[in-house]
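I set out to record what I looked up in this structure, entry by entry.

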Amino acid sequence: MRRRPVQNLSLKGRDLMSIDPNLMKELNDFLPSSTKEKLLNPSAGVIGQGIAGMLLWVFQKPLKFGIVKKYEFDKLSISLAEGISKIASENLTNEKSGLFFKTLQESIYSMDSDDLRYMFSNLATNTLDKNNVDSISPRFVTILANLSPKDALFLKKFKKDNILNSSIPSGDLLFKSNTNFALVKKDLVISEDNNITISVSEILDNLKSLGILTVEKQTISTRLIPGLSALEHLAISEYEEEEKKPGLRITIGVPDNSKLTFEKSEIRLTELGKSFLELVL
């Protein structure tokens, strides 16, 4: 199939009546019905048409060659169109159209994750909103492109009841004496269902390298005290239950006269991390 000129797909494209009829047919065949209703109606204007064209341009070949599954694309495009439909027409802007296009391109490699797909949709939507464009850094696309599904799931812990929290409780379980210590479990947080503790060391290594959070062990917010107490109780209880099970006890490296201890810490968002999560969660 002959490739169409890129200018026909631009956010600065022509009005609906002057779009190439062949392109219009292709868009109609390509996009889910609900997406077409929101992007190709007159109220969406040339920005809606341009978005539809960009979706076609970015995803046509990945879909053709099986890199992206059709249901994954449909979910992204429906979510994107839904988000854009909530922006008042006077606040729609193509000022960051290049960043919008880049966000779509990077999303190709994360389409199999519901959480990451949702985050890409939110970031792309916010590049079109006059109220948010000044808050968007090109780094946000890079950060999002470097998140794993586990990273994305973990980051959701920072938002509860539609409020972004700047930090969450964490801690290390260790045997500690007056002069030495032996680590049992590091970087523990409570699981999504609040039933078990999980170690997030690998996740933290990646997120710290991206500059969006730090781990604070010295000064901890009083707001986290109830959560830290619950985490400590759960971590120690889990260890004691494991110790009751029959089997070999490994005591090598445990200091003499040491005590099982929980050392509290706080996983804290940086200013970059707060700005990033405000736009993608």
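**Entry 1. Salt bridges.** I searched the whole structure, which is a predicted model, and the search returned 12 salt bridges. I then looked up three of them individually.

The pair Asp114 and Arg117 has its closest N and O atoms 2.4 Å apart. I located both residues in helix α6, 3 residues apart, which is about one turn of the helix. Are the two partners buried or exposed? Asp114 is partly exposed, at 48% relative accessible area. Arg117 has a relative accessible area of 6% and is therefore buried, the cut-off being under 20%.

I next checked Lys176 and Glu263, whose side chains meet in a salt bridge at 2.7 Å, N to O. Lys176 belongs to strand β3 (residues 167–176) and Glu263 to strand β7, so this pair ties together parts that lie 87 residues apart in sequence. I noted Lys176 as partly exposed, with a relative accessible area of 38%. Glu263 also counts as partly exposed, at 28% relative accessibility.

Lys274 is partly exposed, with a relative accessible area of 27%. Glu271, at 59% relative accessibility, lies over the 50% cut-off and so counts as exposed.

**Entry 2. The sheet.** In what order do the strands of the open sheet run? I read the order of its 5 strands as β5-β4-β3-β7-β6, with antiparallel pairing. The edge strands are β5 (197–199) and β6 (213–216), each of which pairs on one side only. On average, neighbouring strands of this sheet are turned by 35° against each other, direction ignored.

β6 and β7 run antiparallel and are joined by 4 bridges. Val215 has Ile267, in β7, as its bridge partner. I also recorded that α9 lies across β4 (181–190), β5, β6 and β7, and that α9 runs at about 125° to β6.

Entry 3. I kept one general point in mind: in soluble globular proteins, nonpolar side chains tend to be buried together. The largest nonpolar core here has 32 residues, and Phe154, Leu155 and Phe158 have the most contacts inside it. At least two residues of this core come from each of α6 (114–126), α7 (139–145), α8 (149–155), α9 (201–209), β7 (259–269) and α11 (271–280). Another core, of 29 residues, lies apart from it; I noted Leu40, Ala52, Met54 and Leu63 among its members.

Which residues does Phe158 touch, leaving out those up to four places away in sequence? I listed Ile163, Leu164, Asn165, Ser166, Ser167, Ile168, Leu213, Ile267, Leu269 and Leu277. Ile267, one of these contacts, is also the bridge partner of Val215.

**Entry 4. Helix α4.** I compared the span of α4 (residues 70–85) with expectation. At 1.5 Å a residue, its 16 residues should span 22 Å, and the end C-alpha atoms are 22 Å apart, which agrees. I then looked up the buried residues of α4, which are Glu72, Phe73, Asp74, Leu76, Ser77, Leu80, Ala81, Gly83 and Ile84.

How values were computed
Residues numbered from 1 in each chain as written. Predicted model: local features only at pLDDT ≥ 70, side-chain atom pairs only at ≥ 80, totals over all residues. Heavy atoms only, no water. Core = buried A, V, L, I, M, F, W, Y, C linked by side-chain atoms within 4.5 Å. Buried < 20%, exposed > 50% of the residue type's maximum accessible area, 1.4 Å probe, protein only. Contact = heavy atoms within 4.5 Å. Pairing = 2+ DSSP bridges. Axes fitted to C-alpha atoms, helices over the stretch in contact; angles between N-to-C directions. Salt bridge = Lys/Arg side-chain N within 4 Å of Asp/Glu carboxyl O. Expected span 1.5 Å × (residues − 1).
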